[in-house]
Amino acid sequence: MRRRGGKGLRANSLWRLVPYLRPYRTRLIVMFVVALASIGSTIAIPLMTKAVIDGPVRHKDEHGLWVLGASAILLGIAEAALWMLRRWLVKLASTGVETDIRKQMHARLQVLPMSFHGSWQSGQLLSRIMNDLGMMRRFIGFGAVMLILNLIQVVVVTIMLLAMYWPLGIVVLISIGPVVAANLHYERQFTKASRAAQDQTGNVATQVEEAALGIRVIKSFGREDYSFERFDEQARTLRDIQLRKVKIMSRFWTLLEVIPTATLVIVLALGAHAVGDGSITLGTLVAFITFMLNLVWPIASLGFLLSMLQETVTAADRVGEIFDAPREIVSGQRDVPITSGRLEFRDAGFRFPDSEEWALRHLDLVVEPGETVALVGATGSGKSVLTGLVSRLQDVSEGAVLIDDVDVRELPLPVVRKVVATAFEDPTLFSMSVRENLTLGHPDATDAEIDRAIDVAQAGFVRDLPFGLETRIGEQGMSLSGGQRQRLSLARAVLAEPRILVLDDTLSALDVHTEALVEQALRSVLAEATGIVVAHRASTVLLADKVALLERGTISHVGSHTELLATVPEYRYLLAADDEIDDAEHDETWLSDDERDALDEGVLVGMPTERSADRRREDNCEGSR
Ligand SMILES: Nc1ncnc2c1ncn2[C@@H]1O[C@H](COP(=O)(O)OP(=O)(O)OP(=O)(O)O)[C@@H](O)[C@H]1O
Ligand SMILES: [Mg+2]
C-alpha cells in the first residue's frame, strides 16, 4: 500500500475552511468585538499609568491618585473578564467546526471507491481525521484569533508609540523589519518539515494499527521483536523529523526573542536621555516602556503563530486531499423500480486502475430471476472481482452489467445496494451488537425476519451468547470463530432480502454437516432471488441451477454441473476430489499423466495450489441431491 504523493501546498486550503465557519459567524463576530475591547483595555492601561505619573504623582494629589488607581484596577478586571469571554466563545465555535468537518470527512470516506481505500493506508486516514483536524481546530480556536489580534495590537501600539514620541517610535518600527525577514527565511524550511512530520505521524499510526490487528500472526510466529523493530524505525523517523522542526523553530524563536529585548534596551537608553532633555515627561517614558513590553509578547509569539499557520495549511491540505479524491463510482439518476432482478453481464471487462492487464474480459452471462449460478474458477481467477461488479464496488472498464436491462451505472447507488446483497469471503463484523451487525442491510427488520435469517445461516449460536442478540462482538468479531463469523455474515446478507444475492465463497469455513444444513436452508432463499454463488466445492455447486466456469479472466463454459463434469476437463480438475483423482488414475479412464500435467499448466499456471489441501466431497453431495 502506498500513500498518494502530496500535491504541494495550496494557498487556498485555508479558504476552504470558510464555509465551515459560516454557521458560527454570530459567535465569531461577538468574539472579535469582545477581543477588540480587550485590546482597547490593554492599550488604555499604559495611558492611565502616564496620567497617574504626570498628574496626581507629580502634583502630589492624593484624591486624584485614588480615583485613577481605582479606575486602573477596574480596567484590569474588565480586561481579564473579556479575555475569558473571548476564549469561551471561540472554543465553542472551533470544536463545532472540527466536528462538522470530521463528520463530512467520514461521509466522504464512505463514498470513495475501493481503489482509493486500496491505495491509502488506513493509518494515514486515521491521522488525518484525528491529528490534522485537531490541528485545524487549535488554529481556528487559538492561532488564527491570536494572529489577527496580535497583528492589530502591533499596528495600534506602534502608531501610539510614534504619536507619543516619534524618534523612539521609529526605533521600534525599524526593529519589526528583521522579524518579518526572519519569518520569510524560515517559513519554507518549516513548511517542508511540518508536512513530513504529519505524513510520518500517519505512518506510525498505520504501524500501530497493523500490529494490533495482526497480533495473532505476530505472536504465532514469535516475531514480536520484528514487529517492534518496524515500529521503532517509524517512531525514530518521526522523532528525527520533529527534531528537525524544533531546530528550525529554535533558531527562529531566538531571533524573535532577541530583537524585541535589544530594542527595549535601546529605547530605555534613548528615552532616559530624552527625559533628561525635557523632550518628554517621565510619565510618557513609563507609558512608552509599558507599551513596548506589551509589544514583546505579540511580536515574539508571531513566530509561533506563523508556524502554527503553516502546520494548519499543511493539515488543511492533507484533509483536502481526501475531499479531492475522485469519487469514480457516482450514483445514477434513473430511478426505475427493480422488480424481477434479472442480472446480465454484457461483454463486460475490468482492469485495475494501475494495471495494463485485463482482470476480466468479454464476460457474457445471464442469470434469470430466481435462477442461481455457481461461479467456479481457480483461485485468483477473478471471481471476487466479478461479484464486486454487481454491487458496484468497482465499475466495469468496458461493456456493462445490467439489472432488469438497466445498466447498474444508471441506477441510483442506494437502489443498487438495496437490490444486491453480498456475503464476502472475508466476513467483516463491526464492534457492535449481534443485532446491529445483522440488520446492517435492513435496519428495520422484525424479530421474526431476524430469526429466519439466523436459521437459514445456521447461526443459532448467537442465541447462546451471554446477552443473546444484544451481545457486543469484539472488534471485527474477533471473539467469534471463523465459521461463526461467516454464518453471521451470511445471515446479514439473507436478512437484507435482496433481489440479487451474491455469496462469495461464504461456506468455506464450515464443517460438512453444518454446510449441508446451511445449503438446505439456503435453497428456499435462493429460489426467491437471483443468485451468484462462488464455489470451490461440488457441494456448493449443487445449490445452483447452472455453473459458469471462469478461466483466464473470462467465462469459458456455462452448463449444468453434470454436463461440465462430463465434457470439460478443466472443470473436472477444479472440482473433483483429490482422492477421486488418485482413484481415477488407477482405473485409467480419467486422464493420462500427460493430460494431468497439461491441466496443471493450464489451470493453475502461476496460481497457488491451495485447493489441493481442500478435501472435496462430491460423492457425498451427489448422494444427497
Ligand atoms: N486491488 C487490486 N489491484 C490489482 N490487482 C488485484 C486487486 N485485487 C485483486 N487483484 C488481482 O485480481 C485477480 C483476481 O482476484 P480475485 O480476488 O477476484 O480472485 P478470486 O477468483 O476471488 O480468488 P479466490 O478464489 O482466491 O478468492 C488476482 O490475480 C488478484 O491478484
Ligand atoms: Mg475471491
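This is a predicted model: local features need pLDDT of at least 70, side-chain atom pairs count only at pLDDT 80 or more; totals for chains, interfaces and linings use all residues.

Residues are numbered from 1 along each chain as its sequence is written, with chains lettered from A and ligands numbered from 1 in the order in which they are written.

**Whole chain.** Colour by secondary structure: you get 21 helices and ten strands, taken as DSSP runs numbered from the N terminus (helices H or I, at least four residues; strands E, at least two).

**Helix H6.** Select residues 166–213. At 1.5 Å a residue, these 48 residues should span 70 Å, and the end C-alpha atoms, 67 Å apart, agree. Now centre on Glu-187, where H6 kinks by about 35° (the angle between axes fitted to the seven residues ending there and the seven starting there).

**Ligand 1.** Its shell has 14 residues, and the closest are Phe-352, Thr-379, Lys-383, Ser-384 and Val-385; a shell residue has its C-beta atom, placed from the backbone, within 6 Å of the ligand. Show helix H10 (residues 383–390) too: with three residues, H10 gives the most to this shell.

**Glu-398.** Finish in strand E4 (residues 398–403), where Glu-398 lies. Glu-398 is partly exposed, because 14 other C-beta atoms lie within 10 Å. Pick Arg-346 as well: 52 residues away along the chain, its C-alpha atom is 9.3 Å from that of Glu-398.

Conventions: A residue is buried if 20 or more other C-beta atoms lie within 10 Å of its own, exposed if 12 or fewer, and partly exposed in between; C-beta atoms are placed from the backbone. The expected span of a helix is 1.5 Å times one less than its number of residues.
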